[in-house]
Amino acid sequence: MRRSRFPFIMTGVVLVFFYLPILILVVDSFNSSRFGGAWRGFSLRWYARLFREPAIWESARNTLFIALLVTFASLVLGTTSALALHRFSRSRLQRFHYTLVYTPLVVPEILMGISLLMAFVACGIRLGMLTIILAHVTFCVSYVALTVLGRLQDFDFTIVEAARDLGASSWMAARRVLLPMLAPGLAAAGLIAFTLSVDDFVITFFVAGPGATTLPIRVYSMIKHGATPLINALSTLLLALTFTMVLISQRLSESGALKSRTAEQT
Amino acid sequence: MKRHRERGQEVLLTLPSFLWLALFFLVPTALVFVLALRPADPFGGIGRGWTLATIRALADPQYLAIAWRTLWVSFTATAICMLLAVPTGYAVARASARRRNLLLMLVIVPFWTSFLIRVFAWKSILHPEGIIKKALVFLGLVDANASLLYNLGAVILVTVYTFLPFAILPIFAAAEKFDYRLIEAARDLGARPFEAFRRVFLPGVRQGLVTAVLVVFIPALGSYVVPDIVGGTGSELLGNKIAQRVFVDRNLPLAGGLSIVLILAVLAPLLAVLALQRKAGKAVPGDGQGRP
């Protein structure tokens, strides 16, 4: 039977639609012209300018600092949450817990931004790095918890039981058996949390206050004030970083699948 | 004794995330409803006492028009996303294993790419000096003075662009599990290709379709960055108004009131889906996926 070619043609169109704007942006970052659209020769001048903008690097440093703290905190909170959701899945507390973990994912970002802003203002907490970190952990926990929960559901818990039967304490079994086997899942969840934190604009914009600037906030004000060629160069650098991270995460999930497969065989 | 310890362990594992989300998600969301009834203070804070000023301000017909526009833009963007995502999800699911991995990765990369950058990329190509404008003028399709930016069309286009990967992934996940022999059977029984697609494939991936609609429609309702960057004054959405009340007028209670409108708009489709699924769940006992 002949299959319709239409879906495959459509997929091609969609991929062109996805990548054409990004490609144009990357090409333009090497364009000597101030405006895109007309090619005035290859140049690295925008990259050179970029390295002379201390404000950008300061916001990049803030972003990195926030993202590292947020990744760590949300990994701890999200993993304990996933363990509870998995082990006690039938309890009523966990049903409520699951709703609480799941709901932030379906709430539009702006609602989380405004509600946190109002809460911080009402409690008299000064807006700045601290409020950004608190907000980021809040939306990262759910992603981490559900990613780890997904891994736990494929996990063979008889191995942990075997460790317990062989005399390991529950702490020992968790640390020596569960954690190492869960490591690829944790890495994937951490990567998601890190990316979300680095990339978040809307919620950060609401809770940042005047003092603390992250990279997305800097990029936004550059877009608003028309520093076009500089954003092209910065975006290209960030895109290169993203591609690398996606490749790494792909490798991690592949090796994770491999590990659990070999674990099954032994 | 053992049950007692189990219970203790459960509480210990649940408490950290539960407390965190209660404190920084549940309470602030509830607080919005309370603080909307407070007066604004002139320094951008929240005053003391109670007032109905916010509710009175919300009665302004401009907000109704903006709420309606927000619904319309979200609906249109979702419809276009679905038209593109269904064939793409199907094609990715049916590709050979090696090509499928490559295609999947190509769909996922934009998903990981900075949201602001993707919006900005469109701003610069729709720009009067940008490549698309020049191409369209060259082809005589667009007047040299026409603006491709700062209108509703641009907002819908870029919303589709940013949310399309989110729509493709759940459809792909459902299409991957679909048993394609059912389509062959339908064809053998005389169904034309499109009929088999519509009456066998679409109901089979219903769960994926519902998820795809929700993950586009709900964030689109709260859209703020896209209309702010590629939209104009005539294409402001609820999200823009909330941000304006916060950053321009510094009237937090009114911003809170507008967010309540948004919360209600978000809850409506969610509750509708839940109600429909409950009904469907009763019709087909034991199978939450609704697969035949």
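**Exercise 1.** In which helix of chain B is the place of B:Asn240? State whether B:Asn240 is buried or exposed, and list its contacts beyond the neighbours within four places in sequence.

*Solution.* The model is predicted.

Step 1. B:Asn240 belongs to helix 12 of chain B, which spans residues 238-247.

Step 2. The relative accessible area of B:Asn240 is 5%. Buried means under 20%, so B:Asn240 is buried.

Step 3. With neighbours within four places in sequence set aside, B:Asn240 is in contact with B:Ser223, B:Tyr224, B:Pro227 and B:Asp228.

Step 4. One of these contacts, B:Asp228, also takes part in a salt bridge with A:Lys224.

**Exercise 2.** Describe the interface of chain A and chain B by its residues in contact, its buried area and its salt bridges.

*Solution.* 

Step 1. Count the residues: 80 of chain A are in contact with 78 of chain B.

Step 2. Take the area. About 7,400 Å² is buried between chain A and chain B, and carbon and sulfur atoms give 80% of this.

Step 3. Look for salt bridges. The rule finds two across the interface. In the one between B:Asp228 and A:Lys224, the side chains meet at 3.3 Å, N to O.

Step 4. Count polar contacts: there are 13 residue pairs between chain A and chain B, both residues at pLDDT 80 or more.

Step 5. Assign the chain A side to its elements. Helix 1 (residues 6-29) of chain A supplies the largest share of the side that touches chain B, 14 residues.

Step 6. Sort that side by class: 58 residues are nonpolar, 18 polar and four charged.

**Exercise 3.** Locate B:Ile156, classify it as buried or exposed, and compare its separation from B:Ala185 in sequence and in space.

*Solution.* 

Step 1. B:Ile156 lies in helix 7 (residues 152-177) of chain B.

Step 2. Its relative accessible area is 11%. The cut-off for buried is under 20%, so B:Ile156 is buried.

Step 3. Not counting residues up to four places away in sequence, B:Ile156 touches B:Trp72, B:Val73, B:Thr76, B:Ala77 and B:Ile80.

Step 4. B:Ala185 is 29 residues from B:Ile156 in sequence, and the two are 39 Å apart, C-alpha to C-alpha.

**Exercise 4.** Which helix of chain A has the lowest confidence, and which the highest?

*Solution.* 

Step 1. Begin with the chain: the average pLDDT of chain A is 88, and 92% of the residues score at least 70.

Step 2. Confidence in chain A is lowest in helix 11 (residues 228-265), at a mean of 74, and highest in helix 9 (residues 202-207), at 96.

Key
Residues are numbered from 1 along each chain as its sequence is written. Chains are lettered from A and ligands numbered from 1 in the order in which they are written. Side-chain values use heavy atoms; hydrogens and water are left out. Contact means heavy atoms within 4.5 Å. Buried area is the accessible area (1.4 Å probe) that two parts lose on being put together, summed over both. A salt bridge is a side-chain nitrogen of Lys or Arg within 4 Å of a carboxyl oxygen of Asp or Glu. A polar contact is a pair of N or O atoms within 3.5 Å; within protein, one must be able to donate a hydrogen and the other to accept it, and residues adjacent in sequence count only if both atoms are side-chain atoms. Helices (H or I, at least four residues) and strands (E, at least two) are DSSP runs, numbered from the N terminus. Ala, Val, Leu, Ile, Met, Phe, Trp, Tyr, Cys and Pro count as nonpolar, Asp, Glu, Lys and Arg as charged, and the others, Gly among them, as polar. pLDDT is the predictor's confidence in each residue, from 0 to 100. Buried means under 20% relative accessible area, exposed over 50%, partly exposed in between (1.4 Å probe, protein chains only).
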